[in-house]
Amino acid sequence: MLSIPVRILFGVDMALGCFNYVAWSWFAGQRFSALFLFLSIFSTHFPDADMIPYLFLRRRYRLVSHWVVGHHPLLLLPFVAVASFVAAKILMPDRVSYTVALITSGVLLHFLHDGASSLGFPWLSPFSQARFRFRSGKPIVVPQAETEQWMSYWKTRERSAADEIAGRTAPVTIAQFLFWGAGVLALIVFVIDL
Ligand SMILES: [Zn+2]
């Protein structure tokens, strides 16, 4: 079994962070900057920071998913856009739109990745808990009974914090590794092509 840091390092969100960085930097004509590469990779992982409060609160509130704090797209996306706008206005006033686009689309890419989950993703959360999954490009509402079934299954299981994290980061597959390689390659081409 691969360790958790290795799974995160070679994860889909890492590759998405590289692609997001290269796409926006190329589009905005920006030179390579380790700070903005970091911001992009940070933003494609950011919603999963709700794993931290989840690990502390899961037993008290009988939570079965960490998607309770950071996984509300309709709240988090506007919040991230406004917060990055204000921060960029103060810290890097000459790159405001680039910063906002890079960070907001990074968070959106994270949600799109979560949205590929077979359990579905609550795109309208916190206004509706309905989960959607996509079939040939069309959103389909996941039946409530199906969601309740796996939730009650997880409620009966006692899991350690390590199990929780390992369970949320899927093992690295060949397809994922190729995707990761493509992301890193795009980054290398961008850096060399200065
Ligand atoms: Zn997530």
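The following dialogue explains the terms used for this predicted model.

Visitor: What kind of model is this, and how are residues numbered?

Guide: This is a predicted model, in which local features need pLDDT of at least 70 and side-chain atom pairs count only at pLDDT 80 or more, while totals for chains, interfaces and linings use all residues. Residues are numbered from 1 along each chain as its sequence is written.

Visitor: How many helices and strands are there, and what makes a stretch one or the other?

Guide: Helices are DSSP runs of H or I with at least four residues, strands are runs of E with at least two, and both are numbered from the N terminus. The chain has 9 helices and 2 strands, in the order α-α-α-α-α-α-β-β-α-α-α.

Visitor: Why is the chain called as compact as a globular protein of its length?

Guide: The radius of gyration is taken over C-alpha atoms, and the globule rule is 2.2 Å times the number of residues to the power 0.38. For 194 residues the rule gives 16 Å and the chain has 18 Å, which is close, so the chain is as compact as a globular protein of that length. Along the principal axes, its C-alpha atoms fill a box of roughly 55 × 35 × 35 Å.

Visitor: How do you know that the span of helix α7 agrees with its number of residues?

Guide: The expected span is 1.5 Å times one less than the number of residues. For the 12 residues of α7 (residues 144–155) this should be 16 Å, and the end C-alpha atoms are 16 Å apart, so the two agree.

Visitor: Why is Arg 62 called exposed, whereas Phe 32 and Phe 85 are called partly exposed?

Guide: A residue is buried if 20 or more other C-beta atoms, placed from the backbone, lie within 10 Å of its own, exposed if 12 or fewer do, and partly exposed in between. Arg 62 has 10 such neighbours and therefore counts as exposed. Phe 32 has 15 and Phe 85 has 16, so each is partly exposed. Buried residues make up 27% of the 194 residues, but the count in α7 is 0.

Visitor: Where do Phe 32 and Phe 85 lie, and which residues does Phe 85 touch?

Guide: Phe 32 is in the loop between α2 (12–27) and α3; its C-alpha atom is 6.1 Å from that of Val 191, although the two are 159 residues apart in sequence. Phe 85 belongs to helix α5. Residues are in contact if their C-beta atoms, placed from the backbone, lie within 7 Å; leaving aside residues up to four places away in sequence, Phe 85 touches Val 96 and Val 100.

Visitor: What makes the crossing of α3 and α6 right-handed?

Guide: A crossing is right-handed if the near helix is turned clockwise from the far one by less than a right angle, and left-handed if anticlockwise. Helix α3 (residues 34–45) and helix α6 (residues 96–115) pack at about 35°, with axes 7 Å apart, and their crossing is right-handed. Among the residues that meet are Phe 36 and Leu 39 in α3, and Leu 102 and Ile 103 in α6.

Conventions
Axes fitted to C-alpha atoms, helices over the stretch in contact; angles between N-to-C directions. Contact = placed C-beta atoms within 7 Å.
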